[in-house]
Amino acid sequence: EADLYSVYKGVYMPNLIHTETSLQYFQNFTFRAEDILLVTYPKSGTTWMQEVVPLIVSGGDPTSVETMPNWDRVPWLEEIRTSTLNLEGRPSPRMLTTHFHYTMMPPSFFKVKPKVIYVLRNPKDVFTSIFHYSKMASFLVTPDSQTEFLQKFLDGNVIFGSWFDHVSGWLNADDKDRIMYISYEEMIMDLKDSVRRISQFLEKPLDDEVISKIADRCLFKNMKQNNMSNYSAVPHEIMDPTKSQFLRKGIAGDWKNQLTAAEADYFDAVYKDKMKDVKYKFVWD
Ligand code: PPS
């Protein structure tokens, strides 16, 4: 951890992607009320939403998803390259992303109150996805073993800290009427209906035919073919596709192939304890 990560506002961040300057940029960032902010704990459906939201905003026009990499299209505010993208010059609605916890958000966020789409995913699948990602991404600590990494995940000693804190923090946010909560699992179950609900939340109602086209484009098998979204542009020293793919499996419930019965029981016990005060109907409960 010492070489690869720094601690910012209490959570680990990979040094290759976030610097003091980039974090300062976000801290001083000025939101607009028309901004659309995508918020996720890592591995919860960020890339997927970076495809869905621009297609909704453009009314189904695929130009931006075919020509701009996802990290420029809906950039992470805390990321190293973001200050060079001239977000100040982009027309509204700007589409932005962050993995920050609610408590880490900069002052302008609380003043301006942009719209937020918060994507949640079953934490056992989040764990499974991060475990594989940690083996292929050079900027992440490679797990010694699954057991050791599971404990780190449950303790929040991984990038962007604790899943439990992230989710409960955003679920308890003020001004919830400007936040849409949607789960990865709902998108798996019915992508078309998810696209429709997101378009309604964004006040961008679309024809049924356009919604179908967007949903089709955002299917895992189709997004995997999109070089602007499948991370194939990242040098292999940084992400090694021979170890694991960024768009790896794209399913709900892969934890069943990853965790032993004892690990799953342990996970459930920790989950039950940490989430006991959270009043939210999770689709996986
Ligand atoms: S990151 O690093 O935080 O930006 O990762 P993130 O994009 O949030 O999560 C990556 C996982 O999302 C899966 N994914 C999809 N699943 C279904 N359909 C589509 N279209 C899709 N796009 C991305 C991706 O495969 C990762 O999950 P796993 O379980 O590893 O396959």
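Mentor: A term for later: a residue is buried when its relative accessible area is under 20%, exposed when that area is over 50%, and partly exposed in between, with a 1.4 Å probe and protein chains only. The model is predicted, so to speak of a local feature takes a pLDDT of at least 70 and of a side-chain atom pair a pLDDT of 80 or more, while totals for chains, interfaces and linings use all residues. Residues are numbered from 1 along each chain as its sequence is written, and side-chain values use heavy atoms, with hydrogens and water left out.

Start with the ligand. Around the ligand there are 21 residues, and those that come nearest are Thr46, Thr47, Ser129, Tyr184 and Lys249; a residue is near when one of its heavy atoms lies within 4 Å. By class, this shell holds ten nonpolar, seven polar and four charged residues. Nonpolar here covers Ala, Val, Leu, Ile, Met, Phe, Trp, Tyr, Cys and Pro, charged covers Asp, Glu, Lys and Arg, and the others, Gly among them, are polar.

Backbone atoms of the protein reach the ligand at several points. An oxygen atom of the ligand is 2.7 Å from a polar backbone atom of lysine 249, a residue that is also among those that come nearest. For glycine 250, the separation between a polar backbone atom and an oxygen atom of the ligand is 2.8 Å. At cysteine 218 the ligand atom is a nitrogen, lying 2.9 Å from a backbone N or O atom. The protein covers 98% of the 640 Å² of accessible area that the ligand has on its own, by the Shrake-Rupley method with a 1.4 Å probe, where for residues only the protein chains shown count as cover.

The ligand sits in the largest pocket. A pocket is an open set of points on a 1 Å grid over the protein atoms alone, with protein on both sides within 12 Å along at least five of seven lines, and a molecule sits in it if more than half of its atoms lie within 2 Å of its grid points. Two or more residues of the shell come from each of α2 (46-57) and α12 (220-223). The most come from α2, which gives three. Helices are DSSP runs of H or I with at least four residues and strands are E runs of at least two, numbered from the N terminus.

Next, the helices away from this description. Seven of the nine residues of α8 (residues 163-171) are buried, so this helix is largely enclosed by the rest of the structure. The buried ones are Trp163, Phe164, His166, Val167, Ser168, Trp170 and Leu171. The N-terminal end of α8 is capped by serine 162, which has a side-chain oxygen 3.1 Å from the backbone nitrogen of phenylalanine 164. In helix α9 (residues 184-189) there is glutamate 186, buried at a relative accessible area of 19%. The side chain of glutamate 186 makes a polar contact of 3.0 Å with the side chain of arginine 197. Such a contact is a pair of N or O atoms within 3.5 Å; within protein, one must be able to donate a hydrogen and the other to accept it, and residues adjacent in sequence count only if both atoms are side-chain atoms.

Most residues other than glycine have a negative phi, and most peptide bonds are trans. The loop between α4 (70-73) and β4 (95-98) contains proline 93, and the peptide bond from serine 92 to proline 93 is cis, with omega near -5°. Asparagine 86 is in that loop as well and, although not a glycine, has a positive phi of about 55°; its relative accessibility of 45% makes it partly exposed. Threonine 84 also belongs to the loop between α4 and β4 and is exposed at 62%. The side chain of threonine 84 reaches the backbone oxygen of arginine 81 at 2.5 Å.

In the loop between α12 and α13, tyrosine 231 has a positive phi of about 65° without being a glycine, and at 9% relative accessibility it is buried. Histidine 236 is found in the loop between α12 and α13 too, but is partly exposed at 49%. Histidine 236 and methionine 136 are 100 residues apart in sequence, with C-alpha atoms 9.1 Å apart. Valine 283, in the segment after α13 (261-274), is partly exposed at 42%. Between valine 283 and arginine 121 there are 162 residues of sequence separation and 9.1 Å from C-alpha to C-alpha.

How values were computed: 1 Å grid on protein atoms, 1.4 Å probe; cavity = no way out; pocket = protein on both sides within 12 Å on 5 of 7 lines; lining within 4 Å.
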